[in-house]
Amino acid sequence: MFNLMWESEPPDYGVAGATLLGYLVYNAYLLEPPRVYNNEIYRLLGLFVMNRQGALSSRTIVVPAWKAKTFWPGWETGYYTWDSETGECLGWTESGLTAGYYTGQFYEGMGGTLWTGYLQSMVQVDPATLRYIGSPIPASKYGRISFRTPFVDLGADLYIDQSEDANNRMQAYRFSTGEPLYWFYVNGLVIKVCPESKNCFYVMTSTDLNATTTVLSLVNYITGKTLSVARSPVNANWNGGQTFMAWDQVTKRLMFFGPVVNDETGAAITTIKGYLPIPKITKLTKPIPLVPPRKGRTVPYLSRSVGDVGEPLNGGLETAVITGAAATFGPPGIATQSGYVIAQAQCTDTGTANVDISMEVL
Amino acid sequence: MACEILAGPFPIVDTVSGDAPIQVAERIACYYDDDVGLVSPRQDGRGNAIIQMDGSSYVRSYAPYASAMLLDYQHPGQYLKVQEVFGSYIGEWDKFATVRMRTAPVLSSGVDFLMCARMADRWLSFGIHGVSWRPLDLSADWVYELTYDTQTYNEITVSWSWGLVGYSFTEQDDIVCIGYDSGLAIFYNHVTKQIVKKYFTQTNKGLWYSPRFGVFIVMGFVNTEPRHHTLTIFHKDVRPYSISVPAAQGPILKGKTTVFRTRVLGSNGEPCVGEIVTWTLTGSGSLSALQSIANDDGYAEIRYAAPVDSAPSFDLSVEVRF
């Protein structure tokens, strides 16, 4: 579990309204009472942060999306922006493009590069204008059928994607030549990837095919080593792709958005949530005596403070209240690096004793 | 049962989804590590469960199937996993992330299901007849380096028993703990190739040792709805089961002292160490103390001083309180 540090406004669907031509209504469901808006987000395409002036900050959060609307041609592509400081929704910008690559998702690469693609090809995008740079790269260049969760590090000349052999494996290729280089396993079926810091990315995975548990791993993609694992604050369908995440290197927030939910009037109520990605203690295990309790013995009681993927977490201050045939002995324990914490009970008599422990989580 | 239960049985539960009891993989498909917990793939396919001693569990990684985990004595504290789905090989395992490491397989052909541990110089296999070994390059077949005696074999293969259920590192690098479903845990010295010590817990589906805390983690199974596995924690100390009638260690003479001795034993006849024995004297004479402590062989002693003026007439009884 992470601490929620920041939350945005929901995307603004603009003024309630009908269509220009009442008799030519696309997506008429949008106007069925009590719905009043003439558009909604139909499909999310990405989430990233760009250095562009917002109302009060120099950073803007961008969500490219595909919208359904009531007037011709019934849909449009573009992007929403938010001020990364205030969370204010700065509005919708129509991209001006019709079909094509903008129906594909956007993938953030290392160093602020941005890519978009759909199935068999991928193309670089200028983050400032969301226009293509260069020409599309076919998946066949890498011996693949399709791009799934592409991640590009131009500095290291790497392209990394979910393996087409195993859903919990990632395959690295030389970006420029297409040569397969190495693979590594991650914690589950890959849903999303976003860059974190040099040589590292966050991988959002599902630990089973039914997407019961979504976990986040911080992975060094050069060594293939998983550096840390935590439970994702949002659950995501492992192949649906309507949940996006992004890491803001300036504000140190791990942001999530989607899937988008509307209220009964048709207004979006989903917000971008930014988390401080430091796991919190969510469980203190039951105290277990480490030696058989006997009258006259001092018995250590072991418990452990863990997070919600069972990861040990340290620093919690334990308080033990011992009643019955034993008394508390010694100062309160502090959870170690492995999360273990020990309370001491001095057995004063034969019989039974109750050991109640609690932990103050810092 | 001989070792003393410290806590449990705790049902293994899914803590996130509201403490519903769950079934996990048993025996050698799991490993217990003090840094992590008990790691076992869930039977409902939801991934590798990280289970703490009190049975609380969390899913950490994808686990489409269960396969054997091996001890890696070339990197003590680390584990190897047998991969069976896309070809048989043994790979290094990241015990923290609970994923396979990127390193090349340590064995990509010739994997057999007898392998339990990779030592510096050989593979080891733990069976019901003893411990056998194979060269690392598989140039020779399995050969027993220790054959259990009949008593040990009988302790492993009691009627309801199936055999090996787990193996663990211990505090000492040259000793491995081998667990059997009869409840027997053997501490085996793989350097001298001898059994160092035996412990008896209870019939189980998995038996591991915690080197950091000196306790056994024993998996059980509840075969009624909702079917689930449990964990019970055993101490290494033997729970007292019997105490012998005090026996004089010499003649009892007027005006002399005599050592009396009693022995505290567990249910499998193994000595109970460190238990406090209380002595009660009725009749003439006196005792050197009211209590004494059982030594490493389970013996507790007291000195009895007979009266100087009359023939000793007394009754001496012993008791262990726990």
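Chain A and chain B bury about 3,500 Å² between them in this predicted model. Carbon and sulfur atoms account for 56% of that area. The contact draws 44 residues from chain A and 44 residues from chain B. On the chain A side, Tyr185(A), Ile288(A) and Arg294(A) lose the most area to chain B. Together these three make up 17% of what that side buries.

**Polar and charged links across the interface**

- The count between chain A and chain B is 19 residue pairs in polar contact, both residues being at pLDDT 80 or more.
- Across the same interface there are 3 salt bridges.
- Arg294(A) and Glu275(B) meet through their side chains in a salt bridge, at 2.9 Å from N to O.
- Arg294(A) is also among the three residues of chain A that lose the most area to chain B.

**Elements on the chain A side**

- Four strands of chain A each give two or more residues to the side that touches chain B: E14 (180-185), E18 (225-231), E23 (288-289) and E24 (298-306).

**Arg60(B), a buried charge**

- Arg60(B) sits in strand E7 of chain B, which spans residues 56-61.
- Arg60(B) is buried, yet has no salt bridge.
- The nearest side chain of opposite charge belongs to Glu311(A), 5.2 Å away.
- A backbone group of chain A does approach: the oxygen of Gly310(A) lies 2.9 Å from a polar atom of the Arg60(B) side chain.

**Strand E21 of chain B and its two partners**

- On one side, 5 bridges join E21(B) to strand E20 (residues 206-210) of chain B. The two run antiparallel.
- E20(B) and E21(B) form a hairpin with 4 residues between them. In that turn, Gly214(B) has a positive phi of about 65 degrees.
- E21(B) is also joined by 8 bridges to strand E22 (residues 228-238) of chain B, again antiparallel.
- A hairpin of 5 residues links E21(B) to E22(B).
- Gly206(B) stands opposite Met219(B), and Met219(B) stands opposite Leu231(B) in E22(B).
- In a regular strand, side chains alternate between the two faces of the sheet.

Methods:
Residues are numbered from 1 along each chain as its sequence is written. Chains are lettered from A and ligands numbered from 1 in the order in which they are written. This is a predicted model: local features need pLDDT of at least 70, side-chain atom pairs count only at pLDDT 80 or more; totals for chains, interfaces and linings use all residues. Side-chain values use heavy atoms; hydrogens and water are left out. Buried means under 20% relative accessible area, exposed over 50%, partly exposed in between (1.4 Å probe, protein chains only). Lys and Arg count as positive and Asp and Glu as negative; His and the chain ends are not counted. A salt bridge is a side-chain nitrogen of Lys or Arg within 4 Å of a carboxyl oxygen of Asp or Glu. A polar contact is a pair of N or O atoms within 3.5 Å; within protein, one must be able to donate a hydrogen and the other to accept it, and residues adjacent in sequence count only if both atoms are side-chain atoms. Two strands pair if DSSP finds at least two bridges between them. Contact means heavy atoms within 4.5 Å. Buried area is the accessible area (1.4 Å probe) that two parts lose on being put together, summed over both.
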